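Dear colleague,

Please read them with the coordinates open.

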Amino acid sequence: MDPRRIGLTMVGAGAAAQVGGLALDAWSHAADGRGPDGVLGTQDVGHLLFVAGLVAVGLGAVLALLGPRLYATTGDTGPGRRLAQFGAPAVAMALVVGGLVGAGSSSLAGAPASSSPDPNPDHDHDATTVAAEAPRCDLDVNPAAYYREAVMHGVDLNGGAIDHDHAGADPAAGIGEGEVAGADPGPTTAPAEDHDHDGPQAWTPITDPQVCEQLRTELAEASAVAARHPTAADARDAGYVMVTTYIPGIASHWMNFGLVDTTFDVGAPEMLLYDGNGDDAQLVGLSYYLIGSADTPPTAGFAGGNTDYHRHIGLCVRGSLVVGGEGTSSEECAARGGIKNDGSRAWMAHAWVVPGCESPWGVFSAKNPKLTDELGRNSGQGPPCSGSGTDYDDTPGVPAELAHVVLGADEP
C-alpha cells in the first residue's frame, strides 16, 4: 500500500468534487432565478458534493504527509502503532460520513417548503411569517361602484384579512357626483325603519377558484330566474302576491308562500322585488326567505359565504300585506286592521342580479341605493333602474385608483 499515492488521489478527487459541487450549486440558483446570491447555501444539493470534496482534500493531504511514516514497513511494530494504523482509516471514514450527514441535514432543514422560489430571497423571514395568500378570484362579482362606496363608508371588504394603512389615500377618488348623491336613498315611508342596515355590505374575500366558479354559476342561474319575471304581472301569474308596497332602498316585495321553507334554492326565490306597485312595475332584484333559528342567521346561501341575511321582528301585517314597520305599536297596528308579526325566525337575503340594477352596496346588500323615490315615480318606464336619477359605475371589478386600498398593493 502506498499511502502517499492514496492521499494525493484523495486530494485530486476531493478538489474535483468541490468544483462540481460549486458548479451544481451555482446552476441551481440560476435555474430558479436567484442568481449568484447564496451560492453554497444549505438549501442546495450541490453543497453536499462540495463538503464531501472539502473533507476528502483535507484527509488526503494528511494521509499524503503522514501516511508514509504511519505505514512504513520498518520501525516500531508494537500494539500502539498497529492501533494507529487501523484507527486512522476509521477516524477518516467517520469524518467523511459525519460531514456528509451534517451537510445533508442542513440542506433539508434549509430547503424551502415548496418548489416555488422565494419571491424575496434576500429578506429575512422569522418564524411568524406565513405563506403568501392566494390571489382573489371574486373581484368582478361586485361593480366598481361597490368598492368606491365601501371605501367611502369605511366598510370591511377584505374579511379582516388585510390591515391597510390608508393614510394619504383619497377614499372618494373617482366617485362621481351622482354616486355621492345616490349613496343616501332619501326619505322613505313605512316600513323603511325596519331596514336599519344602510350602507355597503362587508365582504369576505374568495380565493378558491372552484368556489368563485360556483358563485358565478349560481348568480347566472339567479339572473335567468329574474329574466322570467320582468314585470309584477308576471309575478302574479307565477303565484306571487304583493306583501309590501314600493319602499325606496328595498322596492316592493312579492312573495310566493308556497316556496317558503327552511332550504335555500337559487332557482326558486321566495320573493321578487319590483320598482313600483302596478302590474307594469319592473323587476329589480330577488329575495330569498328562509325559516331558521331565532338566534343565528342561516349558513346556507350563495357560494363564498357573503349572503347577507336580515330579518324584521314585529312588522304590522294585514292579511299578507305589511302595513306598518317594526316600530308600529300594537294599538297603531290594530287601528290599521293588522296584527304584529313575530318574524324572529324569518330570514331574508337580497340578490341584485338584474342588469342595470346592480347594487353599489354589494350584490347581496340589504338595501340598494338605486331604488330611489324617483325610481318609484318612474316605475315601469325604460330599462330597469334607468329612472333612478343616480349615476353609478356598474363596470365589474376594482377601480384602478382604489386597487392599493382594496388589495394592499403599492400605490401607482
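Buried means under 20% relative accessible area, exposed means over 50%, and partly exposed covers what lies in between, with a 1.4 Å probe and protein chains only. This is a predicted model, in which local features need pLDDT of at least 70 and side-chain atom pairs count only at pLDDT 80 or more, while totals for chains, interfaces and linings use all residues. Residues are numbered from 1 along each chain as its sequence is written, and side-chain values use heavy atoms, with hydrogens and water left out.

Salt bridges

With a salt bridge taken as a side-chain nitrogen of Lys or Arg within 4 Å of a carboxyl oxygen of Asp or Glu, the count comes to eight. In one of them Arg236 meets Asp279, with the closest N and O atoms 2.6 Å apart. Arg236 belongs to helix H7 (residues 232–237) and Asp279 to the loop between strand S3 (271–274) and strand S4 (283–291), so the pair ties together parts that are 43 residues apart in sequence; here helices (H or I, at least four residues) and strands (E, at least two) are DSSP runs, numbered from the N terminus. Both partners are partly exposed, Arg236 at 41% relative accessibility and Asp279 at 43%.

Lys370, which counts as buried at 4% relative accessibility, forms a salt bridge with Asp394, the closest N and O atoms being 2.9 Å apart. Because Lys370 lies in the loop between S8 and H9 and Asp394 in the loop between H9 and helix H10 (403–406), this pair ties together parts 24 residues apart in sequence. Asp394 is partly exposed, with a relative accessible area of 28%. Lys370 also forms a salt bridge with Glu358 (3.7 Å, N to O), and Glu358 is partly exposed at 23%. Elsewhere, salt bridges that share partners join Arg148, Asp393 and Glu401 into one network.

The sheet

Three strands form an open sheet in the order S6-S5-S7, with antiparallel pairing, where two strands pair if DSSP finds at least two bridges between them. Strand S6 (321–324) and strand S7 (339–341) are the edge strands, each pairing on one side only. Strand S5 (residues 315–318) is joined to S7 by three bridges, the two running antiparallel, and Val317 stands opposite Ile339 in S7.

With kind regards
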